[in-house]
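Look at the sequence and the structure, then read on.

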Amino acid sequence: SSVESFWRSSGTERDTSGTEANRWSQESLQIRRITSHSDMESRNSDEQRLTWGESIFASFVEIVIVANALQMGVCTNPAATSMQNMCDMSDQGFTTVFVLELIVKLCMYRCKYFR
């Protein structure tokens, strides 16, 4: 066969006893173990667990985002012209909260925030 002719032409004797296949299998398994172990280490080092304060802050921001979405839905209704003043004030309030969120995150994470 062409595989046997390759082994003969390369000057290497082909191991037909199965030990070569066994060696390749063991090396492959070892490489998979090393790779999976290093993947777990990198995942653990990359993941930053949120502290109690950070998780409350994140939950607060998520609630504000949902409230802002509801407010935008109400204020885009043509019948809401009577609530225009309230919509303008709430827009300014949400913008203030989001700017404060940005400032807090930049102070906490510095350049890591952009990674």
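A residue counts as buried when its relative accessible area is under 20%. The model discussed here is predicted.

Q: What percentage of the residues of the protein count as buried?
A: The cut-off is a relative accessible area under 20%. The protein has 115 residues, and the part of them that counts as buried is 10%.

Q: How many helices and how many strands are there in the protein, and in what pattern?
A: The protein holds four helices and zero strands. Read along the sequence, the pattern is therefore written with helix symbols as defined by DSSP runs. That pattern is α-α-α-α.

Q: Is helix α3 roughly parallel or roughly antiparallel to helix α4?
A: Two packed helices are described by the angle between their axes and the distance between the axes. Helix α3 covers residues 52-75 and helix α4 covers residues 84-109; their axes lie 11 Å apart, at an angle of about 155 degrees. Angles over 145 degrees count as roughly antiparallel. Because of its angle, α3 is, relative to α4, roughly antiparallel.

Q: Which hand does the crossing of α3 and α4 have?
A: The two helices touch through residues including Phe57, Val61 and Val64 of α3 and Phe94, Val97 and Phe98 of α4. Where α3 passes α4, the crossing is left-handed.

Q: How many residues of the contact of α3 with α4 are nonpolar?
A: Glu54 of α3 and Lys105 of α4 are among the contact residues, and Glu and Lys count as charged. The contact has four charged and three polar residues, and the number of nonpolar ones is 14.

Notes: Residues are numbered from 1 along each chain as its sequence is written. This is a predicted model: local features need pLDDT of at least 70, side-chain atom pairs count only at pLDDT 80 or more; totals for chains, interfaces and linings use all residues. Side-chain values use heavy atoms; hydrogens and water are left out. Axes are lines fitted to C-alpha atoms, for helices over the stretch in contact, and angles run from 0 to 180 degrees between N-to-C directions. Angles under 35 degrees count as roughly parallel, over 145 as roughly antiparallel, 65 to 115 as roughly perpendicular and the rest as oblique. A crossing is left-handed if the near helix is turned anticlockwise from the far one by less than a right angle, and right-handed if clockwise. Contact means heavy atoms within 4.5 Å. Buried means under 20% relative accessible area, exposed over 50%, partly exposed in between (1.4 Å probe, protein chains only).
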